[in-house]
Amino acid sequence: MNRIGGILAAVTVASLLAGCGSAASSSAAGNSNTATGSAVTPSAAPLFPVTLTAANGPVKIKAKPGRIVSLSATATEDLYAVGAGSQVVAVDDDSDYPASAPVTKLSGLTPNLEAIAKYNPALVIASQNSNGLVSGLGKLGVPVLIEPAAATLIDAYDQIVQVGQATGHAAQAVRLVATMKSEIAADVKQAGSSHHDLTYYWELSDNPYYSVASSTFIGQIVSLFGLKDIADAADKASDGGYPQLSEEYIVTARPAIIFLADNESADGGQSPAVVAARPGWSAIPAVQKKEIIALNDDVASRWGPRLPQLVAQIAQAVEKAPGS
């Protein structure tokens, strides 16, 4: 399954898990250190044992995990970004960044408990609790953190902090979040946040054309600049924020900017040239003004430390757009 297919297949699961709220709220248990989230600077108190409240409830980690298995591409990026890369012994088959990550055939969508257990993990991080992952590994004494698709930027920041707390790199995680916030704020300030006259179309896939509504994580990222999402008028509750649009709908909506999250070959190969050549699309302002933005599909489908890169691409498109 390619990256876009995985996103669409997981829409229902992501919608349910997003309702769990911030992943980095936490509580003390017994002698455990209390992990308090991204708003609090880590104290000099012992880091372990620690009890963290993830989407799957309280998770106690007795000691700094020396063997970590990641079943989430975003979690893998988080782990390396906070300085826990040397503790990672295996990552799932979708984790392609950084290049040094130990990629395996493990699946985050359909995890195989026996295959995971062979790596003798002290901690497993995943984006969803599939195939009895939490209970199955729990019977083996392996703690599992479920870090679902972020619903907001705050969720994304809190997950990074929680990954830092779970791995013994709390201070590094807090510094990383501060840097991300600073970079994103700078780009928004530079490009401006009141571009309500600009409309956009975010393409997840073509034929059928799936997009994102402004209620989604991506929609909220773009809304930092004040852009209007053409998909909102077509979004239904059953879509989970990912409506399917007709070609006629998109052409009629005349978006000023088109963002492509399906431009890489594995995701459809929908380059700006391919989009511009679609029958009838020459009438769209984004095509006429060459405002078709080929995104890094990986960055656009994750909610980790490379978010500032995505925001920077959006900011550049906004600055170039006519009337901005």
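Which elements are included in what covers the buried residues of α3? The cover includes β4 (68–71), β5, β6 and α6. This report describes that helix and several other features of a predicted model.

**The chain as a whole**

The chain contains 13 helices and 13 strands. Of its 324 residues, 52% count as buried. Among the contacts in the chain with a separation of 6 or more, 61% are accounted for by residues 24 or more positions apart. The chain exposes about 13500 Å², and carbon and sulfur atoms supply 53% of this area.

Helix α3 spans residues 73–81, and seven of its nine residues are buried, so the helix is largely enclosed by the rest of the structure. The buried positions are Ala73, Thr74, Ala75, Thr76, Glu77, Asp78 and Leu79. Just after α3, Gly83 adopts a positive phi of about 100°.

Two packed helices are described by the angle between their axes and the distance between the axes.

| Helix pair | Angle between axes | Distance between axes |
|---|---|---|
| α6 (residues 153–167) and α7 (residues 170–191) | about 155° | 7 Å |
| α7 and α13 (residues 307–320) | about 5° | 9 Å |

The crossing in which α6 passes α7 is right-handed. On the α6 side, the contact is made by Leu153, Tyr157, Ile160, Val161, Gly164 and Gln165. On the α7 side, Ala170, Ala173, Leu176, Val177, Met180, Lys181 and Ile184 take part.

For the second pair, α7 and α13 pack at an angle of about 5°. Angles under 35 degrees count as roughly parallel, which means that α7 is roughly parallel to α13. From α7, the residues Met180, Glu183, Ile184, Asp187, Val188, Gln190 and Ala191 meet α13. Their partners in α13 are Leu307, Pro308, Val311, Ala312, Ala315, Val318 and Glu319. This contact of α7 with α13 divides into ten nonpolar residues, one polar and three charged. Met180 and Ile184 of α7 take part in the contact with α6, and Met180 and Ile184 also take part in the contact with α13.

**Cis peptide bonds**

Another runs from Tyr97 to Pro98, with omega near 0°, and Pro98 is found in the loop between β5 (88–91) and α4 (113–117).

**Asparagines with positive phi**

Asn120 has a phi near 50°, a positive value in a residue other than glycine. Asn120 lies in the loop between α4 and β6 (123–126). Its relative accessible area is 55%, and because the cut-off for an exposed residue is over 50%, Asn120 is exposed.

Asn131 likewise has a positive phi, near 55°, in a residue other than glycine. Asn131 is placed in the loop between β6 and α5 (133–138). With a relative accessible area of 52%, Asn131 is exposed.

Is Asp206 buried or partly exposed? At 23% relative accessibility, Asp206 counts as partly exposed, since buried means under 20%. Asp206 sits in the loop between β8 (199–203) and β9 (209–210). Not counting residues up to four places away in sequence, Asp206 touches Asp262, Gln270 and Arg278. The C-alpha atoms of Asp206 and Val275 are separated by 9.6 Å, while the two residues are 69 residues apart along the chain.

Ala294 lies in strand β13 (residues 292–294) and is partly exposed, with a relative accessible area of 33%. Its contacts, leaving aside neighbours within four places in sequence, are with Leu260, Asn263, Pro272 and Gln313. Ala294 and Asp262 are 32 residues apart along the chain, and their C-alpha atoms are separated by 8.2 Å. Asp262 is also one of the residues touched by Asp206.

Key: Residues numbered from 1 in each chain as written. Predicted model: local features only at pLDDT ≥ 70, side-chain atom pairs only at ≥ 80, totals over all residues. Heavy atoms only, no water. Axes fitted to C-alpha atoms, helices over the stretch in contact; angles between N-to-C directions. Helix = DSSP H or I, 4+ residues; strand = E, 2+ residues; numbered from the N terminus. Left-handed = near helix turned anticlockwise from the far one by under 90°. Contact = heavy atoms within 4.5 Å. Buried < 20%, exposed > 50% of the residue type's maximum accessible area, 1.4 Å probe, protein only. Areas by Shrake-Rupley, 256 points an atom, 1.4 Å probe, with all protein chains shown as cover. Parallel < 35°, antiparallel > 145°, perpendicular 65-115°, else oblique. Nonpolar A, V, L, I, M, F, W, Y, C, P; charged D, E, K, R; others polar.
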